[in-house]
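Dear colleague,

I am handing over the structure below, and would be grateful if you could look it over before we discuss it. My notes on what was found follow directly after it.

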Amino acid sequence: MSEGKEKEDLKNVVTTGPPVAGLVSPSRDNLREPSDEFKNKHSYERCTHCGYCRHVCKVYNTSWSESDYAGGRNRIIKALDRGDIKFKKDDIIPPVFRCMLCGNCKVVCPVGVDTLSVFQNFRKEVVKRGAMPEKLKMMKSSIMENNNPFLEKHVDRFNWCDSCEEGAKAYERAKQRITAKEEETPYSVGYFMGCTSSYRNKELVSATSQVLDKLGVEFVLFPEEKCCGSVLFRTGLEEDANKLVKSNTEMIRKSGVKEVVFSCSGCFSTFNLEYSRIADYNLGFDLYHLTQYALKIVKEKNLKIRYTKRSKEDPLLITYHDPCHLGRYCGVYEEPRELIRMIEGVKLFEMKHNKDMAWCCGAGGGVKALYGDIAAEVGRDRITETRACMVRIREDRLKEALETPAEVLVSSCVFCKNNLFQVANEDNSPIKVMDISQLLLDCEFY
Ligand code: SF4
Ligand code: SF4
């Protein structure tokens with residue numbers, strides 16, 4: 001681009017695209033096949049700005065800002081690369097961080113732009129060049145100093161055990177194991193709690209511990225557990241996150257456990273993707289989300305599950321929200337559904353946007369912390385969708401059709417639960433929001 005055309009304002013870089021954007025598929029003939037290095041690191045070069053991803057981006061659907069969806073962000077990255085715009089710290093922060101990293105754009109992109117890795121790399125570059133939201137700086141220093149992003153003391157991480165017998169026992173077992181002799185058999189199952197659940201949502205760590213106990217699993221906690229580093233990975237601070245990866249990985253290996261259970265989908269995906277990659281796919285222990293682990297135990301022990309608060313004749317009508325980190329990041333769609341379908345007294349319905357096309361809860365990618373209004377709007381849409389979760393149930397002999405909305409929205413990630421719960425509460429929505437551990441807590445396994 002000639003000198004005179006140099007644009008300084010990001011808004012000038014992002015256009016609304018052609019009027020039919022998103023309705024026609026771009027032609028592959030027009031694509032320059034990038035080198036392998038470009039494919040991995042710079043796949044934004046392939047973006048044709050077709051606008052497909054604009055239709056699925058919940059941030060764009062809230063802000064209507066062209067710099068908020070993947071195609072628009074790619075245009076900014078290209079313009080920066082080519083020197084068409086200047087790098088201005090304050091201007092660059094919103095287009096970089098107003099993204100939930102939900103990955104829905106990646107699913108629909110017809111030319112295969114790996115938006116997730118592009119945007120995480122972009123964040124890394126931008127942070128390196130000194131553009132970092134203030135809140136993120138505080139979270140980073142708290143993680144490095146206190147091993148959690150909430151400015152809480154590390155010793156308080158296990159306070160919830162005071163009111164949860166099963167958690168306290170698991171903590172004690174772990175402590176005993178640390179001082180045990182080499183030849184003593186270690187416990188084989190560990191529960192990695194995560195910061196948000198242990199400090200902010202004690203009801204979830206408590207529910208998970210009780211569910212594992214009900215399933216007859218003798219598990220241990222990790223007294224030296226630190227933040228998994230998800231926030232750091234997601235916000236371009238991979239180098240800082242690596243220290244946590246090293247410490248948590250060594251801690252688990254040293255404990256001798258062979259199976260690690262997670263109730264937080266964010267921690268689970270960070271271990272599955274980043275920890276595994278860094279360990280050359282040889283962590284030395286297996287990773288399970290609670291939904292997968294509970295299903296495995298139920299099958300191994302040939303158990304049945306019954307929801308104690310309702311009956312087969314009058315089931316609790318629920319719909320399942322796929323957390324981005326469990327679904328699109330790790331491909332875990334079926335196990336939670338299989339588990340829920342096994343519960344007598346519960347009936348599962350699907351929302352229109354489910355599995356790899358599920359809408360984000362709004363809290364991902366740091367958006368809840370940095371742009372709370374966007375997180376609330378996106379969460380509101382998801383809650384509204386549960387009311388449209390209409391199904392046709394063949395009722396009596398006349399086969400009358402009855403349309404029934406879900407009563408409860410179940411998720412399997414503490415971030416989804418928090419954001420959706422908050423919105424439902426603020427709006428006095430009739431839909432109840434709960435985590436799957438809380439649903440399982442009210443179940444009998446027999
Ligand atoms: S990221 Fe993919 S879907 Fe989005 S505008 Fe670019 S080419 Fe189209
Ligand atoms: S990752 Fe999600 S929020 Fe970010 S641009 Fe893609 S669809 Fe939008």
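In these notes a residue counts as being around a molecule if one of its heavy atoms lies within 4 Å of it. Please bear in mind that this is a predicted model, in which local features need pLDDT of at least 70 and side-chain atom pairs count only at pLDDT 80 or more, while totals for chains, interfaces and linings use all residues. Residues are numbered from 1 along each chain as its sequence is written, chains are lettered from A and ligands numbered from 1 in the order in which they are written, and side-chain values use heavy atoms, with hydrogens and water left out.

**The two ligands**

The residues around ligand 2 are C57, V59, A70, R73, C99, M100, L101, C102, G103 and C105; by class, this shell has eight nonpolar, one polar and one charged residues, where Ala, Val, Leu, Ile, Met, Phe, Trp, Tyr, Cys and Pro count as nonpolar, Asp, Glu, Lys and Arg as charged, and the others, Gly among them, as polar. Around ligand 1 are C47, T48, H49, C50, G51, Y52, C53, G71, N74, C109, P110 and V111, a shell with seven nonpolar, five polar and no charged residues.

Strands here are DSSP runs of E with at least two residues, and helices are runs of H or I with at least four, both numbered from the N terminus; two strands pair if DSSP finds at least two bridges between them. One open sheet of four strands has the order 8-6-11-12, with parallel pairing. Strand 8 (346-349) and strand 12 (432-435) stand at its edges with a single partner strand each, so one side of each is left without a neighbour in the sheet. Within this sheet, strand 6 (residues 316-320) and strand 11 (residues 408-411) pair in the parallel sense over three bridges, and T319 stands opposite L409 in strand 11.

**The sheet with strand 3**

A further open sheet of four strands, also with parallel pairing, has the order 2-1-3-4, and its edge strands, strand 2 (219-220) and strand 4 (286-289), each pair on one side only. Strand 3 (residues 259-262) and strand 4 pair in the parallel sense over four bridges, with H289 in strand 4 as the bridge partner of F262.

Best regards
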